[in-house]
Protein chains: 2
Amino acid sequence: MRNLLLTIAYLGTRFHGFQVQNNAVTVAQVLQDAMESVMGSRDDIKGCSRTDSGVHAEMFCVSVKTECRIPCENLVKALNVKLPPDVAVKSCREVPESFHARYNCRGKRYEYRIHNALNKDPFHYKAVLEHPYPLDVEKLDREAKDFIGEHDFSSFCAAKSSVQDMVREVYDCGLYRQGELVTFYVEGNGFLYNMVRIMVGTLLGIASGTIPESSIPAILAAKNRSAAGATAPAWGLYLTKVFYNETDLIL
Amino acid sequence: MRNLLLTIAYLGTRFHGFQVQNNAVTVAQVLQDAMESVMGSRDDIKGCSRTDSGVHAEMFCVSVKTECRIPCENLVKALNVKLPPDVAVKSCREVPESFHARYNCRGKRYEYRIHNALNKDPFHYKAVLEHPYPLDVEKLDREAKDFIGEHDFSSFCAAKSSVQDMVREVYDCGLYRQGELVTFYVEGNGFLYNMVRIMVGTLLGIASGTIPESSIPAILAAKNRSAAGATAPAWGLYLTKVFYNETDLIL
């Protein structure tokens, strides 16, 4: 039995998130279909996180225990042939049997991409948020710094979440502009349901004036979803990095 | 009554081409919906060409005769608010009453975009053709030059076309590479049904060795669809320029 760590990338547009669901196409499902076809058995896969419907991943990690003996390099090629064009396997390595893509995850980086221009670009459809109103990115970057540190993020968690412990640590976050593209980035040890999208919605509320400047500390302190801004749409959000301790990966 | 020339751009992925159809979403339909909402009447629109299902347009021209008095600049803004994010209006100008977006069209440029790399990019989904096999772009560029000039393009027309006159003039065509992206471009006075896609399929056949080198003149001379290569998928194809005589546009 080998335990394999696969890194994949996918365009989330047509998927109902990562996790297998009844009656909806998910990334896990098409990945398992490809694995079954290549590896000869339908092995259980562990994803590093659940991603919402429509969210993209430049990097997503999956661990799978399998009897399959195909060398990792060949597996990458064979899976890419079987996978649909919106899901790609980037790498594969063997890891210790104890490794689990989710439980061993030490942190993640998300980016939220905003096309900030008067004229929308139709070729960005469902891959960025179109936001035609001016954004003072330097100001919003300063506001976003208030998210850094260990906080109770209850105000930034979708009301339907059943998670008990709402404390998470944000290592770094901020915004930068490259031409018409504005990127919000955030790295942390864990993220609550819709947390990044509510952070973005709150920053856009500050940009538009519906939420007062310098109010992120008070919104965090309120521990109440209704204190924060709207949930930004899923299609601007990308999981871009997944962090593990290298010692957990060495055989 | 004004006659307006609108230039638009669209991502073709979810559309069944430009022309209005029953039971299928088309670009013309969503454009007419937006126009009706903004301009107050559902005016007849004339497109510069039919595009197939899934084909994209960086530039597409539409003429419309309307009683609407909204200034062109404001119309562009208002239509973009109403249009879905995968269709954009780029410009609007008033043209002579005799102008017709299709009949006055003097030529068009198409580009066919190929992602030529061993590892597919999931974020290019349905916006380029993934082609993981090596392409000798300089050689294919020399082959493509045989399309230039006035020819009977019967071999490069889908069998189901009902057009009688198959003679078209190609002004220029060729291929170039930018990193992993290979572009086939062709400019001409008119294009038959699937003509560009069959040209690309034939060039890819030459690349793979299933079609002999230097055989494009013979394939043209055969005047038989079965002499040419396969029809390349719609999703790599972009209409990028539409040419008019400036004298036809001046009021």
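Let's start with a crossing: helix 3 of chain A passes helix 4 of chain A in a right-handed way (a crossing is right-handed if the near helix is turned clockwise from the far one by less than a right angle, and left-handed if anticlockwise). Keep in mind that this is a predicted model, where local features need pLDDT of at least 70, side-chain atom pairs count only at pLDDT 80 or more, and totals for chains, interfaces and linings use all residues. Residues are numbered from 1 along each chain as its sequence is written, while chains are lettered from A and ligands numbered from 1 in the order in which they are written.

**Helices 3 and 4 in chain A**

- Leu140(A), Glu143(A) and Ala144(A) of helix 3 of chain A make the contact with Leu203(A), Ile206(A) and Ala207(A) of helix 4 of chain A (two residues are in contact if their C-beta atoms, placed from the backbone, lie within 7 Å).
- Sorted by class, this contact of helix 3 with helix 4 of chain A has five nonpolar, no polar and one charged residues (Ala, Val, Leu, Ile, Met, Phe, Trp, Tyr, Cys and Pro count as nonpolar, Asp, Glu, Lys and Arg as charged, and the others, Gly among them, as polar).
- The axes of helix 3 (residues 137-144) and helix 4 (residues 195-208) of chain A come within 10 Å and cross at roughly 130 degrees (axes are lines fitted to C-alpha atoms, for helices over the stretch in contact, and angles run from 0 to 180 degrees between N-to-C directions).
- Helix 3 of chain A and helix 4 of chain A are therefore oblique to each other (under 35 degrees is roughly parallel, over 145 roughly antiparallel, 65 to 115 roughly perpendicular, and the rest oblique).
- Helices (H or I, at least four residues) and strands (E, at least two) are DSSP runs, numbered from the N terminus.

**Helices 1 and 2 in chain B**

- Helix 1 (residues 27-39) of chain B packs on helix 2 (residues 72-82) of chain B at an angle of about 125 degrees, and their axes are 9 Å apart.
- That angle makes helix 1 of chain B oblique to helix 2 of chain B.
- Helix 1 of chain B also passes helix 2 of chain B in a right-handed crossing.
- On the helix 1 side of chain B you'll find Ala34(B), Met35(B), Ser37(B) and Val38(B), which meet Leu75(B), Ala78(B), Leu79(B) and Lys82(B) in helix 2 of chain B.
- The contact of these two helices of chain B has six nonpolar, one polar and one charged residues.

**Strand 10 of chain B and its partners**

- Strand 3 (residues 56-66) and strand 10 (residues 237-243) of chain B run parallel, joined by two bridges (two strands pair if DSSP finds at least two bridges between them).
- Look for His56(B), which stands opposite Tyr238(B) in strand 10 of chain B.
- Strand 5 (residues 107-115) of chain B pairs with strand 10 of chain B in the antiparallel sense, over six bridges.
- Here Tyr110(B) stands opposite Leu239(B) in strand 10 of chain B.

**Where the two chains meet**

- The contact takes 15 residues from chain A and 15 residues from chain B.
- On the side of chain A that touches chain B, the elements giving two or more residues are strand 1 (2-10) and strand 4 (87-95) of chain A.
- The residues on that side of chain A divide into ten nonpolar, two polar and three charged.
- The copies meet through the same surface, because 100% of the interface residues of chain A are also interface residues in chain B.
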